Amino acid sequence: MKAYRESSHATELNSRARALAGACPGSVNVDMDTLADYAGGYGFEYRTTPDPVYVNGLTRFLELFTRHQIKATLFVIARDARVPEHAAILKRAVSEGHEIANHTLTHPRRLAALSDEERRHEIHEAHAVLSDLAGRPVVGFRAPCYDVCPRTLDCLRELGYRYDSSVHPSMIAPVIDAAVILKSRFRKREVRRGSYLQMLASLRPYYPGAKAPWRGARTTERAGLLELPLSALPWSRVPFYGTWAQMTGMALFRKSLAWLRRFDAPLNYHFHAVELVGLTDADLDARFRVHPGMARPVAEKLTAVDEMLGTFNSQYELMTLERLAALYQAKLAETCPRTQGVPVPS
Ligand SMILES: [Zn+2]
């Protein structure tokens, strides 16, 4: 961590400068997919407890969040929160002000293809486990592999959720599906049932329609659950998130952020905790080498994520997704009188 220390005074000045400049709101969040999930995606079996994604990856993210004074959102698979070592790290995250959000019970890669009963169980059971861990009701959701469908949103409305953050308005979904099929040497041939049309969705928060999560609701239906789409670049729809940066490098990251800043949309940048796990530092199965960035040294990855967080912090007013959703609900209520506003949490 020594290589990227800076004084807390500088961080404080940054924060004051942002407030003075009326910075655009934004959020940084982490998907807590475990090694077992990645192995399944690439067509082999692997399970280790506690998982390095928690012990190494999440712990390193939490240290960086503390250093940059960032409150983040963690999308947790409830099955993993039942492991005592994982629960201890998640409770530490809660005590440090981070938000716990729902990433299903077992992380089915094709949530939209499940029966209504199975999908409901995945979402409701995870809600109970994670709310218990967080000590308050969880209010946000992300579908595994962005495979969101109207029936998933119905479940979230039943639970009174404030937001969904599954829509990825970039061309990444078909690219991921093709890469998984190729890297698994055609052992995996699953294709998502949620539509690829989400690549055409709005880049700004919106109330999703009843029939398609990637389309805005009619004026009279604008209330309740808000969609917080993941960040992607305007026009080109090039993705903008942690795994993509692992594949394409920091030069493209810097250029992409400069382009995104010209567009009036909040930042919704998501990492995966595995991005701060190294193949050698966690003594992993060599088959994980197929995953983007896994073979890179951890020190190099830490330096990159540290730069990303420092840059976000200097250009956006960062907050949890729950708070971001509440801000946009209030903002949309101002511009559309029929839209229902809700109080912003402190
Ligand atoms: Zn996931």
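Helices (H or I, at least four residues) and strands (E, at least two) are DSSP runs, numbered from the N terminus. I am working with a predicted model, where local features need pLDDT of at least 70, side-chain atom pairs count only at pLDDT 80 or more, and totals for chains, interfaces and linings use all residues. Residue numbers start from 1 along each chain, as its sequence is written.

**Entry 1: overview.** I looked up the elements and found 12 helices and 8 strands in the protein chain. Of its 346 residues, 44% are buried (20 or more other C-beta atoms within 10 Å of the residue's own; exposed is 12 or fewer, partly exposed in between, with C-beta atoms placed from the backbone).

**Entry 2: a helix pair.** I then turned to helix H3 (residues 52-68) and helix H5 (residues 84-95), whose axes come within 11 Å and cross at roughly 5°. The axes are lines fitted to C-alpha atoms over the stretch in contact, with angles from 0 to 180 degrees between N-to-C directions. H3 is therefore roughly parallel to H5 (the word covers angles under 35 degrees).

**Entry 3: a cis bond.** I checked the peptide bond from Thr49 to Pro50 and found it cis, with omega near -5°. Pro50 sits in the loop between helix H2 (35-41) and H3.

**Entry 4: positive phi.** Most residues other than glycine have a negative phi, and I noted two exceptions here. His107 has phi near 60°; its loop runs between strand S3 (99-102) and helix H6 (116-134). His107 is buried, with 25 other C-beta atoms within 10 Å. Arg237 has phi near 55°, in the loop between strand S6 (226-227) and helix H9 (242-248). Arg237 is partly exposed, with 17 C-beta neighbours inside 10 Å.

Definitions and conventions: Angles under 35 degrees count as roughly parallel, over 145 as roughly antiparallel, 65 to 115 as roughly perpendicular and the rest as oblique.
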